[in-house]
Amino acid sequence: MGKALVQIFLLLGTLCFTLVQGEATNATSLTVEQKKLQYMESSMDLDQPVCTNFYKYACKKWSFFIASEALDVLETNVETQMENIIEVFPTLMYPEFLKSIHNHYQSCKSRDEFDVLDYLKWMNEHTDIKWPLVKQKEPPGMGGEEKVEESTPLDWIELLALTRTYGLNDIFIYETVVQRQEDPNKLIVVIKRPPLHKIGDLKHQIYDPKGHLQHMDLESFRNFQIDLLNLTVHFVERVEKASFEVIMDSTGRPSDTKPLLVKVNELQMPWLVKYLETLLNRRPLDAGMEIYINSVEYLQSVYSLMNARGNRFMNEYIQLRFFIYLQEKFFTRSFKCVQYIRESFPLVMQWAYEKNNLQLKWQIPRVEKIYENLKAEFRQSLQTNSYNFSEYVQQYLLDKLDGLTLMVGQMNVLELQRYYTNMSLVANKYYGNHLQIANFHFKRLHEALGHEQLTSSSPEMWHLQQFVDYGQRLEKTLSLAHLPKLYPRLNVIYLPLTVLQPPYYEDGLSDEFIYGSLGFWLAHEIVKSFDQHHLVYDAKGKVNTQMLQQIQTNRKYKKSLWELRHNFPHYDLEDKINDLGGLKLAYNAFSKLKLAHHLNRSFTLNNSSFTSDQLFFLNYAQNFCSTLCGFSDLGGLFYNCCDRVNLQVQRLKEFDKAFNCQGYSTEPIW
């Protein structure tokens with residue numbers, strides 16, 4: 001079976017790769033390097049000031065007809081191939097879940113015009129949640145005119161828990177599964193207050209063009225939500241000591257205050273026990289079960305507010321919020337079916353891409369060598385101990401780096417098959433499938449709470465990592481999913497094989513091209529592991545706040561942070577640490593290679609000669625070419641890509657030397 005599967009994918013890979021790449025192969029007989037130089041030339045404008053606006057020098061002529069930004073070139077190629085791959089799923093006997101995924105793909109392509117009632121009708125038929133709204137909207141002759149005995153409404157706490165299993169969160173509390181602080185291979189439930197923007201004015205959250213909600217007393221619900229918002233804001237101001245800017249930040253997160261580890265039998269909140277029992281479908285809960293809670297006081301206050309409204313009111317309010325949630329989910333995800341499948345099954349699609357491109361495995365040794373060179377350079381930097389850390393701290397940093405591993409593709413199909421066992425999606429129930437997928441992933445993560453020990457290859461762990469940053473949705477980050485990404489609790493940098501293609505990588509390109517593009521992204525994630533957010537995790541992914549405090553209180557280290565903050569006063573400090581440190585690390589590793597191999601090449605671009613160092617920096621800049629530069633929040637995946645290039649290179653003495661500029665250098669933190 002295994003050999004036959006490989007042969008099928010080999011054939012599929014050959015066919016699809018030919019479809020995607022064939023036109024370019026037949027169109028020219030240029031070498032890989034010559035084609036890359038032509039690609040670079042087409043975006044450059046040598047009339048722009050290289051020292052003061054290197055972004056325009058490298059990217060001014062970037063054309064919208066190519067793509068809105070550099071990553072979209074890669075994304076377009078991947079999407080075309082992914083669609084071909086999905087179409088082949090029904091012909092494969094193993095793994096079994098591929099047919100189910102293809103059924104959902106078919107249901108997406110044949111879906112009807114969106115009506116939120118389609119979700120609720122499916123739930124009425126297949127779950128214990130019954131929606132009165134569905135009965136009221138049934139046409140005459142279908143039971144809509146018949147007087148039916150009202151069913152006893154669910155307890156509102158149970159309804160809150162059941163809707164959570166289908167994705168609803170952030171109404172009164174934010175519940176999720178996280179890795180335990182002392183053992184990242186074990187999971188635990190955490191209960192927090194929701195982000196404030198999720199409790200905004202109900203008037204601006206309701207979209208009801210078909211009049212489904214006209215029977216509801218929306219004004220009463222709006223007033224209740226205002227009371228809930230005021231209670232939460234006052235709590236954030238008084239207890240969390242948050243500034244007005246943090247309170248009003250639309251990208252605000254759930255409470256980040258230090259969680260309290262409690263046992264269920266210690267909780268003096270029967271309603272929360274009932275919520276957890278319903279959520280986990282366990283009655284009674286294990287008395288020794290532990291959870292994280294950010295604030296008992298907040299939970300007690302918000303429960304008092306909710307319970308005072310009565311069961312009927314709270315039931316209807318939760319149903320209204322679920323109605324709003326379903327609309328948001330529909331309108332914020334991709335309307336392209338191939339993208340939607342990739343959003344819903346990211347691990348499966350990465351695995352399928354790997355099997356469809358077996359030729360990419362020949363590139364893994366080179367990528368691993370680049371990574372080892374970057375780590376060796378960073379280790380040498382740490383060993384200089386410029387901050388005069390104690391021997392204990394120094395060893396902590398070196399151990400953390402030594403344990404940081406690179407994972408290139410290699411999703412485990414046996415683990416995926418185990419994870420997706422019993423998932424059954426049908427070809428004509430798009431809205432039901434959508435709800436089942438949300439419920440399926442919820443159950444898989446929460447069922448893993450009972451596992452003694454997960455591993456870094458467990459799909460549960462990887463799905464958890466995909467959404468570890470609150471609010472990050474894959475439908476917003478499909479392109480970013482191609483880049484190397486740090487998973488700090490696993491102490492792993494994952495590199496998807498999808499990135500091993502133009503414009504970031506191609507077999508036959510020399511180190512000048514590779515270290516300025518893919519090398520930078522790998523270096524960026526290495527440095528990210530040592531920024532303010534991730535220093536707290538040790539070599540095994542365990543939380544070590546004591547060590548973090550020792551590092552942050554170091555006088556020289558604090559001075560470097562202050563200087564960097566002074567140089568980038570209007571930007572996120574961690575972004576600058578990672579960008580500036582990553583660029584310098586990639587350059588230093590490349591420079592050492594150049595010296596060892598006596599490389600001193602020159603390249604011709606637009607009839608001008610460029611050195612190896614100059615080509616390195618040009619490749620770095622063209623990582624961020626975009627037609628939306630300067631539009632800040634509208635500036636694509638890299639928010640303000642022109643600043644992301646200019647601010648870094650203008651502070652590197654290596655760039656000044658390469659282009660004979662007179663800048664002012666800033667040493668990165670690492």
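Modeller: The accessible surface of this predicted model comes to about 30500 Å². Carbon and sulfur atoms hold 51% of that surface. One nonpolar patch on the surface is formed by Tyr207, Phe331 and Phe335. Together they have about 340 Å² of accessible area. Tyr207 sits in the loop between β2 (187-192) and α9 (218-238).

Now the interior and the fold. Of 670 residues, 55% count as buried. The protein has 28 helices and nine strands. Take contacts between residues at least 6 apart in sequence: 76% of them join residues at least 24 apart.

Next, the sheet itself. Three strands make an open sheet in the order β5-β7-β6, and the pairing is mixed. β5 (405-408) and β6 (485-487) stand at the edges. Each has a single partner strand, so one side of each lacks a neighbour in the sheet. From one strand to the next, the twist averages 30°.

Strands of a sheet pair through backbone hydrogen bonds, either parallel or antiparallel. β5 and β7 (residues 492-495) pair in the parallel sense, over four bridges. Within these strands, valine 408 stands opposite leucine 495 of β7. A helix packs on this sheet: α22 (residues 518-528). Helix α22 touches β5, β6 and β7. The direction of α22 makes about 155° with that of β7.

Key: Residues numbered from 1 in each chain as written. Predicted model: local features only at pLDDT ≥ 70, side-chain atom pairs only at ≥ 80, totals over all residues. Heavy atoms only, no water. Helix = DSSP H or I, 4+ residues; strand = E, 2+ residues; numbered from the N terminus. Buried < 20%, exposed > 50% of the residue type's maximum accessible area, 1.4 Å probe, protein only. Contact = heavy atoms within 4.5 Å. Areas by Shrake-Rupley, 256 points an atom, 1.4 Å probe, with all protein chains shown as cover. Patch = residues over 30% accessible without salt bridge, like charges linked within 9 Å, V, L, I, M, F, W, Y side chains within 5 Å. Salt bridge = Lys/Arg side-chain N within 4 Å of Asp/Glu carboxyl O. Pairing = 2+ DSSP bridges. Axes fitted to C-alpha atoms, helices over the stretch in contact; angles between N-to-C directions.
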